[in-house]
Amino acid sequence: MDISDIPGYVVDQARKKGADDIVCSAHEGERKQVKFTNSEVAITKTWESTGVDIFLAKDRKIMYTSVNDLHTLDKTINDMLAFIKMMAESENYQGIADGPFNYRNEGHDKRISDLEGELVELTGQAIDSAMRNGANRVAGVLYSSSGTVHLATSGDVIGSQTGSDMDISLRAFASKEASGHMVQSVSNMDELDPIRIGMEAGMMAKEALNPSLGKTGKVDVLFTPLAFANFLERAAGSASAGSVDAGMSFFKDKIGEKVGPEFLTMIDDGTDPKMVVSPPFDGEGVPTQKNVIIENGVLKTYLHNTSTAKLNDAVSTGNAGLVFPRAWNCAITPGSMSKDDMIADIKDGLYITNLWYTRFQNYQTGDFSTIPRDAVFEIKDGKITGAVKDIRISENMPDMLNRIKHIGNDPEQIRWWEVGLLVKTPHVVVEGVNITKSTQ
Amino acid sequence: MDRDLAEIAVSKARELGAEYAEARMEFVSGQDSLLKNGNPEVSGFERDAGIGIRVKVNGALAFASTNRLDRDSVLAACERSVRTARASSRIMKNPLEFAEGKANIKDYSVFQKKNISNIGPEDVLRALSEIEKALPSENLVGSYFSLGIEHREKYFCNSEGSKIASSIPRLHLFMLGTILEDGRTAQAMLQLGAASGWEFMDIDKLSHFLGNEIKMTHKNMKEGIKAPKELVDMVLGPEVTGIAAHESCGHPYEGDRILGREAAQAGESFVSEDMMGQQIGSEVATVIDDPTLENSYGFYLYDDEGIEARPRELIKDGKINDFLHNRESAARMGVESNGSSRSKNYDREAIVRMANTYVKPGEYSLEELVEDVKLGVLMNSFMEWNIDDKRYNQRYIGREAYLIENGRIGAPVKAPILEMTTPAFWSAIDAVGKEVGFTAATCGKGEPGQGIAVFTGGPHIRLRNIKLGGE
C-alpha cells in the first residue's frame with residue numbers, strides 16, 4: 001500500500017470495527033545533519049523514517065499509538081480496540097473536528113531534499129567565516145529536513161503536506177570563556193547564510209574576551225532574539241489549554257487580564273508562509289489560523305483542540321496535537337527601535353545574547369531561573385563597556401513580561417537545541433531583571 | 001529480531017570501504033497512561049523498530065538510521081553512511097581514532113518476577129488510579145500523573161567481532177502535583193523509575209512515598225520560615241546529593257564534553273584533561289557512576305559500542321580520578337573506554353553518558369550529621385535547579401527543608417537557595433552519611449536530543465559554612 005493511502009485505510013477499517021472517532025497520520029521523511037566540533041566535521045548523520053500515528057476513541061475512551069511496521073496495521077487496530085474496551089472513560093474527551101476542510105496549498109523548496117555533499121561545503125563556509133572573524137574554534141550543526149504527512153479522520157478530513165527546511169546553529173569560541181552563538185532557520189535554501197552566521201558568532205566571541213565576574217541586583221537587560229526566544233517559547237507553551245489543565249501554565253485564569261505592556265502582541269500563526277513552521281492543518285485536520293494570544297498586552301485566548309475548546313466554551317483554534325493542543329510557532333509584533341537605539345537607552349544594564357537551562361520552581365506562579373551563556377556584555381551610559389560572566393537570571397515570568405520596556409525592529413526566526421518551538425522575535429529590553437550569582 | 005540484518009549491514013559497510021562498522025538494531029514495545037486531575041486522559045502504546053549504522057571511513061565518522069527493516073533499506077543506509085563519511089573525510093585534518101576495544105559476545109537480560117510483556121493498558125491505568133486515590137487529596141488541587149513501561153530488545157554487532165544482545169524492561173512514574181495553601185500554590189515534581197519487571201509497581205509503597213512528598217510540600221508551605229541569612233551548615237538529603245553528583249560531577253567529567261564535542265549543545269566543562277588527579281573536593285568526597293547496579297534506572301552491562309560496563313570512580317577521596325569515555329574520547333585522551341557510550345534509540349548516535357551517579361556512602365547516621373550543627377538547614381529535596389554549561393555555577397532550591405539548631409531538626413524552611421560553584425560545593429563536604437538513596441531522572445544531551453534513563457543518588461552529606469542565596 002502506498003503511504004498516502006494508509007490514513008484512509010486505517011479510518012475505514014477502524015470505523016468498520018466499531019471505533020467512534022479515528023485520526024490517522026502517516027509520515028515519511030529524511031533528515032541530514034553535519035555536526036562540527038573544534039572547527040572540523042565530527043560526524044555526518046542521515047535519518048530515513050516512515051511511521052503511522054493512530055488515535056482512536058470509542059465510548060469516550062481514548063487511545064493512541066505509533067507504529068512503523070506498515071504490515072501490522074490491521075493487528076494494531078484490533079489491539080487498540082481490544083485495549084479500549086478495558087479502559088476508563090475520559091470526562092474531558094469531547095470528540096474531534098468535523099470536516100471536510102479546504103487547505104491552502106503551499107510549495108516547498110524541493111532542492112533541500114537533494115542536498116548531501118553540499119552540506120559539508122556549507123559547514124566549511126560557516127567555520128571559515130567564524131575563524132576569519134575572531135574565533136579560534138567553532139562547533140555546531142547544520143540540518144536539512146524534508147518530509148510528507150498524510151492525514152485522514154473519521155470527521156471526513158483528508159489532507160497532506162510536504163515541507164522542507166534547514167537549520168544552522170554555530171557557536172564560536174575566542175577563548176574558553178568567550179563565545180558567541182548564532183542560529184538561522186529557513187525554508188528557502190537561498191536564504192541560508194552560513195557566512196553571515198559564522199561571521200556574527202565569531203565577532204561576538206571576540207568582543208566577549210576577558211569577561212569579569214558579573215554583579216547581582218536588578219538591572220535593565222537587552223536580550224538578543226536567540227535569548228528572548230526562550231521566554232516566548234514558555235509563554236506559547238503556557239497558552240496551550242492542555243498546559244492550563246495540567247497545572248503547567250502561568251496564564252491560568254488570566255484570560256482578559258493584562259499580562260504585558262500595551263505594545264506586546266504575541267501570535268501563533270499557522271498561516272504565515274514566511275514562518276519556517278506553518279502547517280496547513282492541525283492534528284485533527286482543522287485548518288491552522290492566526291491566533292492572537294496576547295493583544296496589546298491582554299491575554300485573549302488559549303490554544304485549543306476540539307475537546308479543550310468545548311470544555312472552555314470556545315472554538316478550536318487549529319492547534320490540536322495528537323493528544324494536547326500546541327502552538328505551531330510564536331511571534332511578537334516588532335517595534336521601531338534598533339538594537340543600537342536600545343543599547344543607547346540603557347544607563348546601567350546588561351546585553352545578554354543567549355540563555356540555557358531554564359527551570360521552573362512553580363509552573364503556575366512562573367517562578368524560574370535561567371542561565372546566560374555565551375557573550376554577556378555590561379552596558380554603562382548607553383555603551384557596551386566589557387564582558388561579564390557567571391551570572392543567573394532569577395525571575396518570575398508573568399512579572400517579567402509586564403516589565404518589557406522596548407521591542408526592537410529586527411525580528412529573527414529562532415529554533416535550536418534549547419528552543420524547540422519556532423519563535424520569531426526581535427531584540428527586547430526588560431526592566432529590572434533580577435540577577436544572582438554563586439555565593440561562594 | 002532478524003540479527004542477520006545487522007550482520008549484513010556491517011559486512012556491507014566494510015565491503016564499501018569502511019575501516020570500522022557497527023550496527024545496532026532495536027525493537028521497542030511500550031505503553032503509557034496519563035491521568036490528569038484524576039481523569040484518565042489517554043493511554044497509548046508504541047511499537048518501534050529500526051537500525052542505526054555507524055561507520056568510520058578514512059578517519060571520518062558517519063551514522064545512518066532507518067526504520068524500514070528490509071534488506072534494501074538497510075543496505076541503502078549503509079551506502080549513505082559510507083558515502084557521507086567519505087565526503088567529510090576529504091576535508092578532515094585530524095582523522096579520528098577509536099581506543100582499543102575487546103570483542104565481546106554476550107546475551108543478557110533483566111530478570112522479571114512479573115514480566116511486563118503480560119501487562120496490559122488496563123493494568124497500567126488501574127495502578128495509576130489506585131496510587132492517585134491513595135494520595136492525600138485535601139490540599140492537592142492539581143495532578144498530572146503518568147506511568148510508562150517499555151521493553152527494549154537490542155542487538156549490537158561490529159566489524160571487530162562484538163555481538164551483544166540485551167533485553168531490558170523499564171518503568172517510569174511521573175507526577176506533577178499542585179498543592180494549595182492559603183491562596184498560594186507550590187508544585188512537587190516527582191519521578192520514580194527502574195529497570196525491572198512489574199514487581200516494581202508496589203502500590204502501597206509508591207502511594208506512601210508520593211503521599212508523604214505531598215504532605216511534606218504542604219507542610220513546608222504552611223509552616224515554612226525564611227532561611228537564615230548568616231553562614232549555615234547544610235545537610236543535604238539523597239535527592240539533593242544525587243542531583244549535585246549528576247550535574248556538577250557526572251556532566252563535567254564526560255570525556256566528549258571536556259574535548260568540546262558537545263560545545264554547541266550541552267556545552268563544555270570547566271574541567272580539562274590536565275586536571276586529572278587534582279584535588280577538587282574534600283577527602284571524604286567520592287563520586288561513582290555505575291551502570292551495573294541491579295534494577296537501577298540507568299542499568300546496562302555492555303555499552304552501545306559493545307564495551308563491558310563497570311563502575312567509574314569520578315572523584316576519589318576528593319581528587320579527580322576518572323572521566324566517562326566512549327572509544328572516541330578515550331583515544332583522544334590516550335586511555336581505554338570505560339563503557340560510557342549510550343544512545344536513546346536506534347536512531348541516535350551513541351555518545352558519552354552517565355548511568356547511575358552517586359556519592360559513595362560514609363559512616364554517619366543522619367542524627368550524627370545533625371548533632372554538632374549549631375545553625376544549619378537540612379534540605380531533603382529540591383524544586384528548581386540548574387547549572388551553567390561549563391558546570392561551574394549550580395543552584396538548587398529546597399522543597400522539603402528544615403532548620404537545624406543546636407543539633408536538632410526544627411521548623412520547616414521555605415525554599416532555601418543553594419547557589420554555589422562546583423569546587424566550593426565539593427570542598428565544603430566534611431561528613432558523609434551511610435544510607436544511600438536513589439532518584440530516577442531523565443538526563444538530556446546530544447543533538448537531536450537524547451533523554452536517557454539515569455539514577456542520581458547518594459547518602460545525606462554535610463557541607464560546612466555555606467552562605468545561602470536569595471534576593
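Student: Tyr108(B): buried or exposed?
Tutor: Tyr108(B) is buried, at 7% relative accessibility (buried is under 20% relative accessible area, exposed over 50%, partly exposed in between, with a 1.4 Å probe and protein chains only). The model is predicted: local features need pLDDT of at least 70, side-chain atom pairs count only at pLDDT 80 or more, and totals for chains, interfaces and linings use all residues. Residues are numbered from 1 along each chain as its sequence is written, chains are lettered from A and ligands numbered from 1 in the order in which they are written, and side-chain values use heavy atoms, leaving out hydrogens and water.

Student: How many aromatic pairs are there over all chains?
Tutor: The structure has 26 (Phe, Tyr or Trp rings, the six-membered one for Trp, with centres within 6.5 Å; planes under 30 degrees apart are stacked, over 60 edge-to-face, the rest tilted). In one of them, the ring centres of Tyr108(B) and Tyr302(B) are 6.0 Å apart and the planes are at 45°, so this pair is tilted.

Student: And which parts of chain B does that pair tie together?
Tutor: Tyr108(B) is in strand β4 (residues 105-109) and Tyr302(B) in the loop between β9 (287-289) and β10 (312-316), so the pair ties together parts 194 residues apart in sequence. Strands (E, at least two residues) and helices (H or I, at least four) are DSSP runs numbered from the N terminus. Tyr302(B) is buried too, at 11%.

Student: What about Tyr358(B) and Phe438(B)?
Tutor: That aromatic pair is edge-to-face, 5.4 Å centre to centre with 75° between the planes. Tyr358(B) is buried at 12%, while Phe438(B) is partly exposed at 35%.

Student: Switching to charges. How many salt bridges over all chains?
Tutor: A search of the whole structure gives 61 (a side-chain nitrogen of Lys or Arg within 4 Å of a carboxyl oxygen of Asp or Glu). Among them is Asp167(A) with Arg415(A), at 2.9 Å from N to O.

Student: How far apart in sequence are the parts that pair ties together?
Tutor: They are 248 residues apart, because Asp167(A) is in strand β5 (residues 157-175) and Arg415(A) in strand β20 (residues 412-416) of chain A. Asp167(A) is buried at 6%, and Arg415(A) is buried at 17%.

Student: Which residues are linked with Arg462(B) in a salt-bridge network?
Tutor: Asp233(B), Asp372(B), Asp430(B) and Arg464(B).

Student: Which ring does the charged end of Arg462(B) sit over?
Tutor: The ring of Tyr364(B), 5.8 Å from its centre (the test is NZ of Lys or CZ of Arg within 6 Å of the ring centre and within 35 degrees of the ring normal). Lys56(B) likewise has its charged end over the ring of Phe98(B), 5.3 Å from the centre.
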